Amino acid sequence: MKGVRLVFLGPPGAGKGTQARELAAEWGVPQIATGDMLREAASAGTALGRQAKTYMDRGALVPDDVIIGLIAERLAQPDAKRGFILDGFPRTIPQAEALDRLLKDLGRPLDRVVFLDVSEPELLRRLTGRRSCPVCQATYHLVSAPPRQADVCDRCGNALIQRVDDREETVRKRLAVYADQTAPLLDYYRNQRLLASISGEGDPDTVRTGIRRTATDRVGP
Ligand code: AP5
């Protein structure tokens with residue numbers, strides 16, 4: 001699909017990364033995932049990464065001004081001219097307002113905001129069973145999407161890890177932060193007639209088919 005500009009919105013574990021990675025490759029646009037960008041900065045030990053890690057490890061959001069600066073730089077890169085899938089941004093009303101301003105200045109408004117709806121018990125199951133590759137960012141699930149060889153990334157062969165913020169206590173904190181700070185974006189985008197809500201449950205291929213259909217459909221009243 002040419003030049004698509006989408007936001008994938010949803011609670012932690014809804015499948016935003018799983019879907020964005022595949023569809024961005026399919027559509028030839030970059031997946032812009034703020035969580036991945038922050039984790040890369042943290043493992044590189046940059047000042048930004050060290051600062052971000054103190055928030056991420058306890059399930060809190062990184063301050064808006066830091067994230068907005070990061071996104072402004074990323075959207076200015078040449079590959080984002082073709083379009084993009086934003087995964088994990090925006091997450092607060094001030095971030096959404098900043099994105100509106102940025103895209104208005106660039107003359108490239110959003111096409112759609114896709115909300116992946118998943119129940120809380122399923123989110124807990126997914127996140128506590130998730131294993132991630134710290135090098136290529138591929139994700140697996142111990143039960144529903146295991147790697148071919150236990151604890152080894154299929155794509156790059158590195159050892160898989162459990163993210164510090166995927167421990168149950170921190171997952172519960174992230175879900176509470178989502179309900180408090182990110183869920184209000186549903187009304188924000190509904191009011192702009194950009195929101196398309198689809199079930200994020202069911203197998204990943206079925207969810208992907210739903211997103212493909214939704215991303216190209218006209219949004220109803
Ligand atoms: P981030 O990395 O963005 O985490 P998140 O939003 O909490 O999302 P996740 O990566 O946990 O879940 P996902 O929806 O991508 O699910 P996934 O596809 O992996 O952010 C981490 C932290 O960074 C934040 O807490 C914050 O501190 C900071 N941060 C990032 N952005 C920020 C921002 N904008 N502002 C402020 N701070 C920010 O799938 C999860 C699992 O489920 C996997 O195991 C997968 O295999 C499995 N799965 C996926 N789909 C299915 C399916 N259909 N059926 C069964 N299993 C499935």
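Analyst: We will go feature by feature, with the general idea before the case. This is a predicted model, so local features need pLDDT of at least 70 and side-chain atom pairs count only at pLDDT 80 or more, while totals for chains, interfaces and linings use all residues. Residues are numbered from 1 along each chain as its sequence is written, and side-chain values use heavy atoms, with hydrogens and water left out.

User: What counts as a salt bridge, and how many are there?

Analyst: Side chains of opposite charge can pair when their charged atoms come close. The rule asks for a side-chain nitrogen of Lys or Arg within 4 Å of a carboxyl oxygen of Asp or Glu. That gives 14 salt bridges here. One of them joins D57 and K53, with the closest N and O atoms 2.6 Å apart.

User: Which salt bridge links distant parts of the chain?

Analyst: Take D166 and R130, whose side chains meet at 2.8 Å, N to O. They are 36 residues apart: R130 is in strand 5 (residues 130–132), and D166 is in the loop between strand 6 (139–141) and helix 7 (168–182). Helices (H or I, at least four residues) and strands (E, at least two) are DSSP runs, numbered from the N terminus. D166 and R130 are both buried. They also belong to a salt-bridge network with R163, D165 and R174.

User: How does a pair within one helix look?

Analyst: An α-helix has 3.6 residues a turn, so residues three or four places apart point the same way. R208 and D205 are three residues apart in helix 9 (residues 204–216), about one turn of the helix. Their side chains form a salt bridge at 3.1 Å, N to O. R208 is buried, at 9% relative accessible area.

User: Which residues are closest to the ligand?

Analyst: Start with the shell: a residue is near if one of its heavy atoms lies within 4 Å of the molecule. Here 36 residues surround the ligand, and the closest are T18, A60, R91, R130 and R174. By type, the shell divides into 13 nonpolar, 13 polar and ten charged.

User: Which element gives the most to the shell around the ligand?

Analyst: Helix 2 does, with four residues.

User: What covers the buried residues of helix 6?

Analyst: The buried residues are E122, L123, L124, R126 and L127. Their cover includes strand 5, strand 6 and helix 7. Contact means heavy atoms within 4.5 Å.

User: Where is P147, and what is it in contact with?

Analyst: P147 is in the loop between strand 6 and helix 7. P147 is buried, with a relative accessible area of 15%. Leaving aside neighbours within four places in sequence, P147 is in contact with Y140, V152, D154 and L160.

Terms used. Buried means under 20% relative accessible area, exposed over 50%, partly exposed in between (1.4 Å probe, protein chains only). Ala, Val, Leu, Ile, Met, Phe, Trp, Tyr, Cys and Pro count as nonpolar, Asp, Glu, Lys and Arg as charged, and the others, Gly among them, as polar.
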